[in-house]
Structures are given as C-alpha cells and as structure tokens.
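This report goes through selected features of one protein model.

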Amino acid sequence: RSNWDERGRLWIAESVDYPNSRQPDGQGNDRIVICEDTDGDGVADKFTVFADKLSIPTSFVFANGGIIVTQAPHTLFLKSSKGDDKADVKKILFSGWGAGDTHAGPSNLQYGFDNWIYGIVGYSGFNGTVGGERHKFSQGFYRFKPDGSMLEFLRSTSNNSWGVGFSEEFRQVVLRGDAG
C-alpha cells in the first residue's frame, strides 16, 4: 500500500512478514517509509522510517495529523508529535480483525467525503467491540470514525473484492476481481 501526502511525498508500507510470518505486537519486520525528492529531480533521495516493528500492515490512510493503519487484529493510529516524521504516538483505535489468513484481512482504507474511513475486509472478517458496541461480520465493506469511536458494517461482498473507491457522483464503489 502507498499514499501521497500534501507535500508530495510518497509513503509506502514495506512488508517482509507478508504473507506467512505474522509477528507478535511490536516485533514485526515491516515498516512505513516516507520517500522524498529533496532536490527536485523527480527521484526520491531521502527515505525516513516513519514507523517500524509492524507486522503485515495491509492499508493506511492520513487522518488527524497522522496515519491510521490496519494491521490485523488491530486498527492503529500513528503520529509524529515532534514533527520529525518518526511516529512516537502509537494508539490502538480498536481490535477485532481476523488474523487467521493474511490474504483476507482489512485493506483499501479511503477517507470518505463524509469524514468516515472506508475499507474492505475479506473472509477473515471482524469480531470485536468498537465504541461500546459489539460487531461481528465476515467479508464486506465497512466504515469507521477516524477517532475509532464507531464502526459500521455496510454490506457483504464476494470474497474476491479488490478495493474501495468513489465515483464522480460521490458514490462508494467496491471493486471486484470476479473471474467470468
């Protein structure tokens, strides 16, 4: 997964652990790196590790001055409070993503026009409590508040869904890779 910030820097999730080496919390080999072109030649020449010791981060989106990352079983909030582009704030917003199969976890986070975060999850599903409300669902389309206070399951999808997007009419779209 990758994303561009407002300064034109490319943020990437590097995964060594994927797909078969899920590690305990804080012991992973994966990281989020900021790639920056400091001399204007169109080639990244500065690489800053924003967050490390992650294990199979499947998606991230910018929110609340940091990033929200899905890393089953958790949804994390990471932020650099010192302005040095190194995450020193790490908070679990909520937990419950199935971690049994790394190919079927939460992914494709998108910031919606309604200020909710949208995503999709495969058959690993979700089973947890968010904002005091119990949720259990399998594969499908979901959204949550950027502060982690609410989660809503929107609808089921086929197991072979590949992403989340928005149309020109501001409709949420699930992209599918179903074989004909």
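## The largest cavity

The lining of the largest cavity is made up of three nonpolar, four polar and two charged residues. In this count Ala, Val, Leu, Ile, Met, Phe, Trp, Tyr, Cys and Pro are nonpolar, Asp, Glu, Lys and Arg are charged, and the others, Gly among them, are polar. The lining residues are Arg 22, Ile 56, Thr 58, Ala 72, Gly 98, Asp 101, Thr 102, Gly 105 and Pro 106. The volume is about 30 Å³, and the structure holds one cavity of 30 Å³ or more.

The model is predicted: local features need pLDDT of at least 70 and side-chain atom pairs count only at pLDDT 80 or more, while totals for chains, interfaces and linings use all residues. Residues are numbered from 1 along each chain as its sequence is written, and side-chain values use heavy atoms, with hydrogens and water left out.

On a 1 Å grid over the protein atoms alone, a cavity is a set of points where a 1.4 Å probe fits but cannot get out; a pocket is an open set with protein on both sides within 12 Å along at least five of seven lines, and lining residues have an atom within 4 Å of a point. Grid points are joined across faces, edges and corners, and a volume is the space filled by probe spheres set on the points.

## The second largest pocket

This pocket has a volume of about 240 Å³. Its lining comprises three nonpolar, four polar and five charged residues. Among them are Asp 5, Glu 6, Arg 7, Arg 9 and Asp 85, together with Trp 11, Phe 50 and Phe 62.

## Strand pairing

Strands (E, at least two residues) are DSSP runs numbered from the N terminus, and two of them pair if DSSP finds at least two bridges between them. Four strands make an open, antiparallel sheet in the order 9-10-13-14. Strand 9 (106-111) and strand 14 (151-156) are its edges, each pairing on one side only. Strand 9 is joined to strand 10 (residues 117-121) by four bridges, and Tyr 111 has Ile 117 of strand 10 as its bridge partner.

Strand 11 (residues 126-130) and strand 12 (residues 133-137) are also antiparallel, with five bridges. Asn 127 faces Lys 136 in strand 12. The two strands form a hairpin with two residues between them, and Gly 131 in the turn has a positive phi of about 60°.

## Buried strand residues

Thr 75 belongs to strand 7 (residues 74-79). Thr 75 counts as buried because its relative accessible area is 0%; buried means under 20%, exposed over 50% and partly exposed in between (1.4 Å probe, protein chains only). Its contacts (heavy atoms within 4.5 Å) include Ile 68, Val 69, Leu 93, Trp 97 and Phe 144, leaving out residues up to four places away in sequence.

Tyr 142, in strand 13 (residues 140-144), is likewise buried, with 0% relative accessibility.

## Backbone details

Two cis peptide bonds can be listed here. Tyr 18 and Pro 19 are joined by one with omega of about 0°, and Pro 19 sits in the loop between strand 2 (10-14) and strand 3 (30-36). The bond from Ala 72 to Pro 73 is cis with omega near 10°, and Pro 73 is in the loop between strand 6 (66-71) and strand 7.

Lys 53, a residue other than glycine, has a positive phi near 60°. Lys 53 is in strand 4 (residues 46-54) and is partly exposed, at 49% relative accessibility. Ile 56 also has a positive phi, about 60°. Ile 56 lies in the loop between strand 4 and strand 5 (59-63) and is buried, at 2% relative accessibility.
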